[in-house]
Amino acid sequence: MDRILSGIKPTGQLTLGNYIGAIKNFAKVQYEGETFLFIADLHALTLPIEPETLNKNSRDIAAYYLAAGLDPKHTSIFLQSDVSEHSELAIILQNYLYMGELSRMTQFKDKSSKMKEEAIGLGLFAYPVLMAADIVLYNANRIPVGEDQVQHVELARDVVKRMNNRYGKILAMPKAEMVKVGARIMSLSDPSKKMSKSDPKGDIYLSDSLEVMRKKIMSAVTDMGKEIKYDPINKPGISNLMTIMSSLSGKSFEEIEKEFVGKGYGDFKRAVADVVVNEMAPFKARYEEIIQSGLVDEVLSEGAKRAKVVAKETLTRVQHAIGLYRK
């Protein structure tokens, strides 16, 4: 049986891009194997965040998972910080990864380039070490991630090779897995940039009202000409809206192009808005029910218990292999 693992960092408000590229996909693949989904609250500490914001965002993600159809009886949903083995294994793995490798991580370079050197924390630099621990703890062979995290999964594969070459096969080899359609939803105000929690005009937040979601889509940047055609290079705005529609409706780009032959951008935007609202209306209603029900705490507690059993087994195996045990 496949072992599937992924997580979302609770920084900022989640967007429609997160829903399409991650949450909705998790609901599809959860029965394809044994699935572990965590809220990466320890990763959220690498940059300053208010305690109340971190706590609310973490609970919201758990509720979004459930609202999207994830089954807590089958899928282990938990907080990263509730399973101490994540931190314990990271302390070990940091000795098998090198500063040169970590300094070449694209995400670290992008974020640190906007900061003063004295303000760059160790946690930001060592982010991939903790992520490697997240991955290998569960012997997962399928890791659904966004495009920006593929490099981190590759680093996790490197540390698995090193550990296995030195101590025997003690860790399973993970593999990054990306969604074919909808993996990268772009900003509605600037389709050259990913929808990424920081552009109130271009991002559709899951917390937005249905009316606001519709208004943002109707205000989305479009391209020269009138043809509805998937062409990311020459028509990035329309192509982004087509990706959203395809991801939520199941229609292919070819089907969408045929449907809108002879129609204008206004008609197309209204259709995209209808698809988004029709998907989000029941999702948001389920989210509100879940938040008010108290189910989140119960799910997180049970998920952490199941996750800890697997994580403890892996950590113990590594500890014994490297000599950290008592006879």
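These legends walk through close-up views of one predicted model.

The model is predicted, so local features need pLDDT of at least 70 and side-chain atom pairs count only at pLDDT 80 or more, while totals for chains, interfaces and linings use all residues. Residues are numbered from 1 along each chain as its sequence is written, and side-chain values use heavy atoms, with hydrogens and water left out.

View 1. Helices (H or I, at least four residues) and strands (E, at least two) are DSSP runs, numbered from the N terminus. The C-alpha atoms fill a box of roughly 75 × 45 × 40 Å, taken along the principal axes. A compact globule of 327 residues would have a radius of gyration near 20 Å, and the 21 Å of this protein agrees with that. The radius is taken over C-alpha atoms, and the globule rule is 2.2 Å times the number of residues to the power 0.38.

**View 2. Three strands line up as an open, parallel sheet in the order S1-S2-S3.** Two strands pair if DSSP finds at least two bridges between them. S1 (2–8) and S3 (75–79) are the edge strands, each with a single partner, so one side of each has no neighbour in the sheet. From one strand to the next, the twist averages 15 degrees. S2 (residues 33–39) pairs with S3 over five bridges, and here you can find Ile-39 opposite Leu-79 in S3.

**View 3. Helices H2 and H13 cross at roughly 90 degrees, their axes coming within 10 Å.** Axes are lines fitted to C-alpha atoms, for helices over the stretch in contact, and angles run from 0 to 180 degrees between N-to-C directions. H2 is therefore roughly perpendicular to H13 (under 35 degrees is roughly parallel, over 145 roughly antiparallel, 65 to 115 roughly perpendicular and the rest oblique). Look for Arg-59, Ala-62, Ala-63 and Leu-66 in H2, which meet H13 residues including Leu-295 and Val-296; contact means heavy atoms within 4.5 Å.

**View 4. Helix H3 (residues 85–93) packs on helix H7 (residues 127–136) at about 120 degrees, with axes 8 Å apart.** That angle makes H3 oblique to H7. In H3, His-86, Leu-89, Ala-90 and Leu-93 take part in the contact, meeting H7 residues among them Val-129 and Asp-134.
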